[in-house]
Amino acid sequence: MTGLDVHIKKSIKRSNFRFRVKPFSILFLLALGFALAQLLPFAGTKASSGKAPSRQHKYERAKLHDEIAVRAAGSGNPWINLANGRDLLTDYNGPVELASSLESKQVAPLGLAAGDFDEDGVPDLVSAYASAGRGILTIHKGNIDSIYPDTPEARARKADGTFTDAPFLSPGQTFELSVSPEFLEVGDFNADGHFDVVVAARGGNALHFIVGDGRMSLREAQTMDLPGTVTALASGEANRADGITDLVVGVTGASGPKLMVFEGPESAIKGDPEVFNLSSEATAIALGYLRQDYTTDIAVGAGRDLMIVHGRDRRLSLDEAARAEVPEAAISTRSFESELTSLAIGDFTGDERFELAVLTEDGTVMLVGERETKSELQRSAVQPEDWNIATLAVGSGKGKIMGSRLSSLSHETILMIDRTGRKLRVWMDDAERRERGDRTLAAISNGPSAPATLEVEGEPVAVLPMRLNMDGLSDLVILRNGMSGPTVVTSAPNSTITVCNPSSDCGSPGCGSLRGAILQANQSPGADMIAFSGSLSGVPIIQPSDRLPTITEAVTLSGTAVGSCSSAATEVSPQAAQAIELDGRGSLSEGFRVSGGGTVLRNFVVNRFGNGFQIFQSRGNFIEGNIIGLRPDGSTTSGNAVGIQLMSGGHTVGGTAAPARNLISSNQNGIIIEGGSATDINVQNNIIGTNAALTQLRGNFQNGVLIRNGASRNTVGGSFAGTDNNIFGSGSDGVQINTAGGNNVQRNNIGQHQGNGVSILSGSGNLVGGTNDIVRNNIFLSNNNGIEINGNTATANLVQGNFIGVLFNTDGTPRANVGNNNHGIAFNGNATGNRVGGASTGSGNIIAFNRGDGVSVISGIRNLFISNRIFSNTGLGIDLGNDGPTANDLRDADDGPNTLLNFPELTSASIVDSLAPNGSNLSPTETLSTIRITGVMRGAPNKEHFLQFYATDNCTVSSAQGSQQFLNSLPFLVLTDAQGNGPFDFTLNNVTITGGFVNALAMDAENNTSEFSLCFPVTDGSCAVTCNATVPGAAQVGSAVSFAANATLTGCQGTAAYDWDFGDNTPRSSEQNTTHTYAQAGTYTWRLTVSVAGGAPCTRQGTIIVSAGPVIANAVRSGKKLIVTGAGFVAGAELRINGAKQKKVVFDSSTQITGKKSGKKVKENDIIVVINPGNVSSNEHVYKP
């Protein structure tokens, strides 16, 4: 297959992806629509209601003031290089009184936050103010041209004079709040995929949620009352990351100070808080990874005490039994000499682990981190009271600290707001010590770097690190007391190096080649820019003679950036149309090799290398806007062995903005993320495995994305607009996670792979999808399984909320012919303890139209399947053993995949207060108030079983095909007795039936899940079915046996359907009257089921004795005679009673012999036997009068 299915392509909504392709491609039309959308007026208004009145704007495009507001230039050089800060000149939309208060500076600035509120891929700035007893929020739209000034759209704006490099655009939008927003956080708090705002007043006892809609509009939607006044607030991922923003709140009230953690599978707003007692009221909260695993820890400053709530997976999307297994949170504490006022978590030492920065009331800044230990096990046992403390400064003022990436060194810096000193202070790791290879915390304590200091005109109230320009370092947005607009401090390269002769491969710094430019940048302390000559035409090709130098410090390297070759270049003009093609000619190991953090590699065509990009021993790099493995036309193949190899963490591949999207195709592996240091990597918004236009497969020959060897906390996709990847056409798997844990695969389109869509091989704690529509993956048309989980260490993985084998049309109907070629989900290699679906709303998967089973457990136990919709797969809905239906066994004594758990046996399903038409099948749209289901769970004795019932229309009475819709989200408990029987009679209220049948699953206390039960028709009681069966009691092996049935239908509309089960595991018969031949001797239980639409089925069953010789079915006394009936009698047969041969025996036929005098001799419980000539004996028949 070389092309993308046209229906699939139409179902994938993408926008504004620009490589040099045919101008009238579908993607070009999508891009045009996106660009037009950006010109529409904002919907900014008062948060509660109303529309903004029209105002004349003074600053239509926004610009920066000429006057200096923050003196930053030169401070921290060479590792920190910031331009002086200037105020943003802007107008405001919204109510006139709000705009007037802002423009007249009659507001008190309080806080800053950022989020993409218009979903153009660039974060927007949120500012919070107090004014006249109320609150004001402003949102300034982020300017895509400030970060991506080299796009065709940016060049067009430069040409017509509408371009601005200001990081935010005018006008800002204003929104009125009911409270003063001293506390401000942004995130998706209602799990609808859009950024929201939450605020609280200091001393207030409620959280106020202001909901976004993705179009720059906000409304104050909900107030959450709290059991005390708010003292601290933080947002982010708490415990196990799931893509849904959580909230952590410190409150103090009548019951004392508390920490409240709001998280839940449906949203923070709907989640019940986990509450912890504090020794003093919370003054600071920070979220991050202090134990180096994949769960987030919560650090809390409570008076002089530091409390750390260690992260764990709370299993909130699962059932109550699973949640009950979660241990109580582990809590560690340590006391300090002064009250803790601010906390921050980050990699501040460059050792690829995270430390805690602490600011105390007396102005002391400290780093708290784990001691060096010999093993991860030893490290996990070290408590905070045993951690190292490095003091960075004493008496540095009162304020707040935070992490940032202001330095060109490959670690985070500590930024402090010194309000009273009117300064911003920056601490960074010591470069000289790093060059010696000493990265220990103790070495910092012995010789910390002197901080860089930024002098602020006025008191700094709030500071927010953001990325506002081309490079990969942090810029700063500042709110100052007495000012209403934000102040912007941007980073700048220490030097700009121009590649004037790309065809040259000279090897000395500054010689004009790319090699020389990298060498010069490495020798130049601090961040640099590498640009290319403006006189180049076409797409220049660079073919290095050997491997290029490793990039060891932060550099911005853009294939479309134009520098000057006529004189020393001091600035860059990023407006070139061409990219640069870097060609390894199939002989070089790496294209770009990076060990310096904060590096940006943008707008290159990279092909025919071992690794197109390789990053190690550094954090915070960006790979964006590149074509990797194809030629500049975005279609012709020219692959690398590995497109991108990442061996350290904190990097971004792609990005939410359209110009950041990479095209990664025709490599052996598209992206490899590997090793324990490869953490916190985001792979977002890329095209992997097709041409640029998404019209032809250009698959990577092995995997699209491979995460392996201990890599953790990485995300392929995400939960917000612009994070989804298109991953197609791989020769093996779309996404493979191999011996790695705690990674997320969310919101991607994954299809047409020769292997599996997603594979988890010996990895634990990974999440595929999530608990709502915004994070689901579409996984379809793979040649093997949609998802495979394989290996005895593949455990605790979650598969939730995905479409597997199915896409939907705009009218909500499923689109056929996109099923995976084998199973929807397969478990193999003794994979144990994984979960598909969950108890929370939205956590179930839709698994349909796959050409194997919906879910196949080939091997492995304790794999739980709950609340999924499984239907229209070629095989079973759930298959234990990959061998077709597994019959229930006595007391569930067998073993195998998921212990071959028995399924429930249904005996009735009837509607109370039926809404169905009299005697008809139920339609998919009929809502039923109550349904009663009875049956029996035949399982292991004295064991708990949990039943979940499903409504379905794609089913027959004798079929165990899967479900359409589950009826009870919380399974019902059934306890079996000493014989293994658990009768049940459940009534389900307020359920909606889709189709005319129900079936069920069983789960045990160890989370094994059964196959689906046989389907059972739902009735309303108006249609009655009675039946009878005529079957002989005995037969001979090899002889045809007659099975006859008749049925009476009363009040029914349809015709009877017959189902004969002969009891010998041979094909059943749907004939009313039929014959069957038994191949082996034995006693068999046959079963007749007669069913009709709208009626409860009628069943009859009995036994038949099959023998190779004569068979006695019955013996009846008639006067003096004893008449013996059966089968296989021959002339000359003897009749014996209790061993005594009878006289005067008459052979009537092969089915009857008569003892003329034996009737008066036989007594109850006598043993009767018939012996054919040749001493062939029948069965022993016990006479009963």
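Predicted model: local features only at pLDDT ≥ 70, side-chain atom pairs only at ≥ 80, totals over all residues.
Which residues form a positive surface patch? The points below take this up, then turn to a sheet and to charge pairs.

1. **Positive patch.** The patch is formed by Lys1120, Lys1121, Lys1143, Lys1144, Lys1156, Lys1157, Lys1160 and Lys1161. Take Lys1157, one of its members. Lys1157 sits in the loop between β89 (1152-1155) and β90 (1167-1172). Its relative accessibility is 33%, so Lys1157 counts as partly exposed.

2. **Salt bridges, total.** How many salt bridges does the rule give? The count comes to 32. Side chains of opposite charge can pair when their charged atoms come close.

3. **Asp120 and Lys141.** These side chains meet in a salt bridge, at 2.7 Å from N to O. Asp120 lies in the loop between β5 (108-115) and β6 (124-131), and Lys141 in the loop between β7 (134-140) and α4 (144-147), so the pair ties together parts 21 residues apart in sequence. Buried or exposed? Asp120 is buried, and Lys141 is buried too.

4. **Asp680 and Arg713.** Here the closest N and O atoms of the salt bridge are 2.8 Å apart. Asp680 is in the loop between β45 (669-674) and β46 (682-684); Arg713 is in the loop between β48 (705-708) and β49 (715-717), so the pair links parts that are 33 residues apart in sequence. Both Asp680 and Arg713 are buried.

5. **Glu1134 and Lys1141.** This salt bridge has an N to O distance of 3.6 Å. Glu1134 counts as partly exposed because its relative accessibility is 22%. Lys1141 has a relative accessible area of 55%, so Lys1141 is exposed.

6. **A salt-bridge network.** Which residues do shared partners join into one network? They are Asp150, Arg467, Arg602 and Glu624.

7. **An open sheet.** Five strands make up an open sheet in the order β1-β3-β32-β31-β30. The pairing is antiparallel. Its edge strands are β1 (63-64) and β30 (460-466), and each pairs on one side only. Strands of a sheet pair through backbone hydrogen bonds, either parallel or antiparallel.

8. What joins β1 to β3? Two bridges do, and the two strands run antiparallel. Strand β3 covers residues 86-89. Leu64 stands opposite Leu88 in β3.

Methods:
Residues numbered from 1 in each chain as written. Heavy atoms only, no water. Pairing = 2+ DSSP bridges. Helix = DSSP H or I, 4+ residues; strand = E, 2+ residues; numbered from the N terminus. Patch = residues over 30% accessible without salt bridge, like charges linked within 9 Å, V, L, I, M, F, W, Y side chains within 5 Å. Areas by Shrake-Rupley, 256 points an atom, 1.4 Å probe, with all protein chains shown as cover. Salt bridge = Lys/Arg side-chain N within 4 Å of Asp/Glu carboxyl O. Lys, Arg positive; Asp, Glu negative; His and termini not counted. Charge placed at Lys NZ, Arg CZ, Asp CG, Glu CD. Buried < 20%, exposed > 50% of the residue type's maximum accessible area, 1.4 Å probe, protein only.
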